Amino acid sequence: MDYKIDTGLVAEHNAKLQGDLDADYAALGGMLARRGQDIEQITTLAQTFAVALPSWGVGTGGTRFARFPGLGEPRNVQEKLDDCAVINQLTRATPAVSLHFPWDKPSDPSALRAQAAALGLHFDLVNSNTFQDQAGQAHTYKFGSLTANGAAAREQAVAHNIDCIELGRALGSKGLTVWVGDGANFPGQSNLRGALERYLDSMKSIYKALPDDWQVFIEHKLFEPAFYATTIADWGTSFACATELGPKAKCLVDLGHHAPNTNIEMIVARLAQFGKLGGFHFNDSKYGDDDLDSGSINPFQLFLVFNELADAAQREGAAFKPSYMLDQSHNVTDPIESLMSSASEVQRAFVQSALVNRLELAAHQESNDVLPAAQALKRAFRTDVSAILAMARARSGGAIDPVACYRTAGYRAKAAVARPAKAGASGSGIV
Ligand code: LRH
Ligand code: MN
C-alpha cells in the first residue's frame, strides 16, 4: 500500500495518546454496560462505517464572490486521489472517492484505477455535469440541459451522461448521480410541466444505457442556479421521476438542498419506506446550499437522519445499503482537515444512532409516553462516543487524532512545495 503519511509517525502519534484513550474507553464502556450495551460490539460496528469523498472537495472551494486558494492545491485528479488517500489513511472511514466529469476526466482510466488501488481507494458513484458549458461545447446549457427546449442540447446532455457511465464502468463504479440545475428565473420563462416531461424523456435515454448492475441517483435541489423554479426541486418530484424510470432509479438526498427547517429525517423515512432511498450527500447549512462541514451547524439533525436509517435497517436488514457521500465546499479551512473531521462527524451520528434502545423507544411510542420516547433519542445523542470513534480508527490502523497527526506530518507544507500554485489556476471544479 502506498501510504502518504509515514506509518511510523502515525504509530508514534497513537502511542502518545493510547493511554488516555484506554481510560476514556473503559469509562464509556462502563457507562454503556450499565445501559446493557456492549462497547466492543459498537466499536466493531463503527469500524464498518464508510463515507465516500467528493473529489471536488479536496481543493479549496469558494463562492461567486471569490475563492481564496490554499497552499498545495491538488492540480489534477491524481493529486486529488493522493489527498483522499491521506484522509482515509488517518480516519479509516473514507475508502471510496466519487469523481465528477469532466472535472476529473482521466486520459487513462485503467491507470487511474490502478493508482486508486495502490492508495487503498476505489471509486463510488460518478457525477455528470450539465450545469456548466465546457470549452468548445456545441450547445449551451444556459437555458437547461436535460430539460432544454432544443433537442440538440438535450441530446448533448444525454450523451454526456452516457459517457460518464462508460467512464465509470472502466473505473469500477456502480452508479451515476444526476444533478441538474435546470429551471427558470422568471414566472412564464418556461412551461413547468413541459420542462419535467423533457427531463423524464432525457432520463429514460440515460436509464436505458445503465448496465444491469448499475443505478442512477436523482439529486433534488430547491434552488440555485435557478431562482424561481427548479425542475427537480424536491423529494416528491425526485420520487415521482425515480418511480417513473424504474427499479434502477433512486433518490439522493443532499442535506443542503432543502428550504430552512425542512424535516429532512422525515424525507429519509418516506424514501426508505417506498424503497427509493439511494443515498446521501452529507454537509451542513444555516441558510441555503452552504455546503458547510457535516455536523458543524446542526448535529442533532444529522443524528435524526441516522436514527431513521437505523429504523429502516432494522426493518429491511442487510440489504438496506444507501450510498453515503460527503459533498462540501471548504472555503476557509484546509480541505483535508475538514473532510477528516466531517467523516468522523457522520460516523459519530451513525454510532450514536446505534445506541438508541429501539425496543424501549417503540414501547414508549406505542403507549404514547411522549417524554421518555423523546429522551430515548436524546440520551443516545448526548452520549459522547469520541472514545469509540478513536478506538475504531486506532484498531483499523488510523490515527487516534487525525487532524493533529496530519499537522505533525506536515503534509500540506510538503504539498505546497511539490505543487507550486499556478497563477489563475482553476480550483477543484465548482469555482
Ligand atoms: C449541487 C451539488 C451536486 C454536485 C455539485 C458539486 O449543488 O450538490 O451534488 O454535482 O453540488
Ligand atoms: Mn450534492
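Here are some notes on the structure above, point by point.

1. **Before you start.** This is a predicted model, where local features need pLDDT of at least 70 and side-chain atom pairs count only at pLDDT 80 or more, while totals for chains, interfaces and linings use all residues. Residues are numbered from 1 along each chain as its sequence is written, chains are lettered from A and ligands numbered from 1 in the order in which they are written, and side-chain values use heavy atoms, with hydrogens and water left out.

2. **The three-stranded sheet.** Have a look at the open sheet that three strands build in the order S1-S2-S3, with parallel pairing. (Helices, H or I with at least four residues, and strands, E with at least two, are DSSP runs numbered from the N terminus; two strands pair if DSSP finds at least two bridges between them.) Its edge strands are S1 (53-54) and S3 (122-123), and each of these pairs on one side only. S1 runs parallel to S2 (residues 96-98), and two bridges join them.

3. **The six-stranded sheet.** Another open sheet has six strands in the order S4-S5-S7-S9-S10-S11, and here too the pairing is parallel. Which strands stand at the edges? They are S4 (126-127) and S11 (323-326); each has a single partner strand, so one side of each is left without a neighbour in the sheet. At the S4 end, two bridges join S4 to the parallel strand S5 (residues 175-178), and Asn127 has Thr177 as its bridge partner in S5.

4. **The S11 end.** S10 (residues 277-282) pairs with S11 in the parallel sense over four bridges. One of the pairs to find is His281 with its bridge partner Met325 in S11. In a regular strand the side chains alternate between the two faces of the sheet. S11 is covered on both faces: Ser323 and Met325 on one side, and Tyr324 and Leu326 on the other, are all buried. (Buried means under 20% relative accessible area, exposed over 50%, and partly exposed in between, with a 1.4 Å probe and protein chains only.)

5. **Around ligand 1.** How many residues surround ligand 1? There are 12, and the closest are His100, Glu219, Lys221, Asp289 and Asp327. (To be near a molecule or strand, a residue needs one of its heavy atoms within 4 Å of it.) The side chain of His100 has an N or O atom 2.8 Å from an oxygen atom of ligand 1. Asp289 has a polar side-chain atom 3.0 Å from an oxygen atom of the ligand. For Asp327, an N or O atom in the side chain is 2.8 Å from an oxygen atom of ligand 1. Taken alone, ligand 1 exposes 300 Å², and the protein buries 95% of that.

6. On the surface, Leu222, Phe223 and Phe227 form a nonpolar patch with about 270 Å² of accessible area together. (Patches are made of residues with over 30% relative accessible area and no salt bridge, joining like charges within 9 Å and nonpolar side chains, Val, Leu, Ile, Met, Phe, Trp and Tyr, within 5 Å; a salt bridge is a side-chain nitrogen of Lys or Arg within 4 Å of a carboxyl oxygen of Asp or Glu; areas come from the Shrake-Rupley method with a 1.4 Å probe, and for residues only the protein chains shown count as cover.) Phe227 lies in the loop between S7 (215-219) and S8 (229-230). Phe227 is partly exposed, because its relative accessible area is 49%. Pro225 is also placed in the loop between S7 and S8, and the peptide bond from Glu224 to Pro225 is cis, with omega near 10°.

7. Most residues other than glycine have a negative phi, and most peptide bonds are trans. The peptide bond from Phe101 to Pro102 is cis, with omega near 10°, and Pro102 sits in the loop between S2 and helix H4 (109-118). Asp291 has a positive phi, near 50°, and lies in the loop between S10 and helix H9 (299-316). Asn368 has a phi near 50° as well, and its place is the loop between helix H11 (358-366) and helix H12 (370-382). Are these two residues buried or exposed? Asp291 is buried, at 9% relative accessible area, whereas Asn368 is exposed, at 63%.

Notes: Polar contact = N/O pair within 3.5 Å; in protein donor to acceptor, adjacent residues only side chain to side chain.
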